[in-house]
Amino acid sequence: MTESAFLKTLNGEVVRPAPVWLMRQAGRYLPEYRATRAEAGGFLDLCFNPALATEVTLQPLRRYGFDAAILFSDILVIPLALGQNVWFEEGEGPRLTPVTTEAELDALSLEGFEERLGPVFEAIRRIKAAAPETPLIGFAGAPWTLATYMINGRGSTDHAVAKLFALEKPDLFRRMIDLLTTAASRFLIAQRAAGVDAVKLFDSWAGAAWPSLFETACQRPATAVRDALDQSAPGTPLIAFPRGAGAALASYAAEVRPAGLAVDSATDLAWAARVVDTACALQGNLDPIFLRGPLDALDRELSRIRAAMDGRPHILNLGHGITPQSKPEVVAHLVERWRSG
């Protein structure tokens, strides 16, 4: 496993062609995923069924031979395991009973946290048994992104409810972020113990935080997660994804010091290469829309990414998750074109 291109890259080596995997590579764009999802019933039923979660994790490996697999799960298993009511409305996404008072926050608990997530760890063991030579990435939602869902009770376009909560109830908000930092750390440490080879911290809504909030709710918690991993699971490569961080990407990378830093599609990859230490592998940052469009446009974008990453550790990936409208044949072209140079 130490010889894999993916893990070599996270160790700071320049590997060519750079390894490739895609965020949400097991998902609704694949007909085999849709069939398995129908078999499972609800989305959370799929996440907590080790056999089916293993199957959908392996599906894109069989089809495309990616250089890494990512565990099939969801960021919202953390609030669920803490005791918050979480469910998914078909066609509309996640719903949660909002946590906005001290009593509601007090009702959440880390007692039995890992036990509730036992099916996730069982899936990890099964995936590693089925594909021992392929690096497996575990993941967790970052505290700020989890808090936006937990406070608002659903996804949001402006995250105003969560941001007002941070302004109006700063002490309660800090308690929530601290709880989620501990939970994310424990979840990732337990995934490592179950067999994952690297972990990723998804802060999908980092770009919604103003600068001081970004520092306290995104950057510092990510640093604390990294410190917890260093202490309890030393040697675990961490990929951090502060989506939308913009100019704060440099300070985030310098403080958090992840092995890999995922770069979103709106960020100039060449700029990121200049401001982030070369010891940190950059991951990204193809816009998912290119997986729905003409192949010549995709080829030009891959050439841009290749040029921007010349001479430094890089993992080809998207700037956000693959969309359900993506064309499987275009994904196949992406992998073939990238590896052929």
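At what angle do helix H4 (residues 50–64) and helix H8 (residues 118–130) pack, and how far apart are their axes? In this predicted model, local features are reported at pLDDT of at least 70 and side-chain atom pairs at pLDDT 80 or more, whereas totals for chains, interfaces and linings use all residues. Residues are numbered from 1 along each chain as its sequence is written, and side-chain values use heavy atoms, with hydrogens and water left out.

Two packed helices are described by the angle between their axes and the distance between the axes. Helices (H or I, at least four residues) and strands (E, at least two) are DSSP runs numbered from the N terminus, and axes are lines fitted to C-alpha atoms, for helices over the stretch in contact, with angles running from 0 to 180 degrees between N-to-C directions. H4 and H8 pack at an angle of about 50°, with their axes 8 Å apart. The two helices are therefore oblique to each other, given that angles under 35 degrees count as roughly parallel, over 145 as roughly antiparallel, 65 to 115 as roughly perpendicular and the rest as oblique. The contact (heavy atoms within 4.5 Å) is made by Pro-50, Ala-51, Ala-53, Thr-54, Thr-57 and Leu-58 of H4, and by Pro-119, Glu-122, Ala-123, Arg-126, Ile-127 and Ala-130 of H8. Helix H4 also contains Gln-59, which is buried at a relative accessible area of 3%, where buried means under 20%, exposed over 50% and partly exposed in between, with a 1.4 Å probe and protein chains only. Not counting residues up to four places away in sequence, Gln-59 touches Glu-32, Tyr-33 and Thr-36.

The axes of helix H15 (residues 295–308) and helix H16 come within 11 Å and cross at roughly 40°, which makes H15 oblique to H16. Residues Leu-295, Leu-298, Asp-299, Leu-302, Ile-305 and Arg-306 of H15 meet Val-330, His-333, Leu-334, Arg-337 and Trp-338 of H16 in this contact.

Seven strands form an open sheet with parallel pairing, in the order E1-E4-E5-E6-E7-E8-E9, two strands being paired if DSSP finds at least two bridges between them. Strands E1 (69–70) and E9 (314–315) stand at the edges, each with a single partner strand, so one side of each is left without a neighbour in the sheet. Strand E8 (residues 281–284) pairs with E9 in the parallel sense over two bridges, and Leu-282 stands opposite His-314 of E9. The loop between E9 and helix H16 (328–340) holds His-320, a buried residue with a relative accessible area of 18%. Its contacts, not counting residues up to four places away in sequence, are Met-23, Arg-24, Ser-204, Phe-241, Arg-243, Ser-265 and Pro-288.

The largest nonpolar core has 129 residues, among which Phe-6, Ile-78 and Phe-173 touch the most other members; such a core is a set of buried Ala, Val, Leu, Ile, Met, Phe, Trp, Tyr and Cys residues joined through side-chain atoms within 4.5 Å. Helix H11 (residues 170–194) gives the most to this core, with 13 residues. Phe-173 touches Trp-144, Ala-147, Ile-151, Phe-165, Ala-166, Leu-213 and Ala-217, not counting residues up to four places away in sequence. Helix H9 (residues 143–152) is mostly covered, with nine of its 10 residues buried, including Trp-144, Ala-147 and Ile-151. Gly-153 follows H9 and has a positive phi near 85°.
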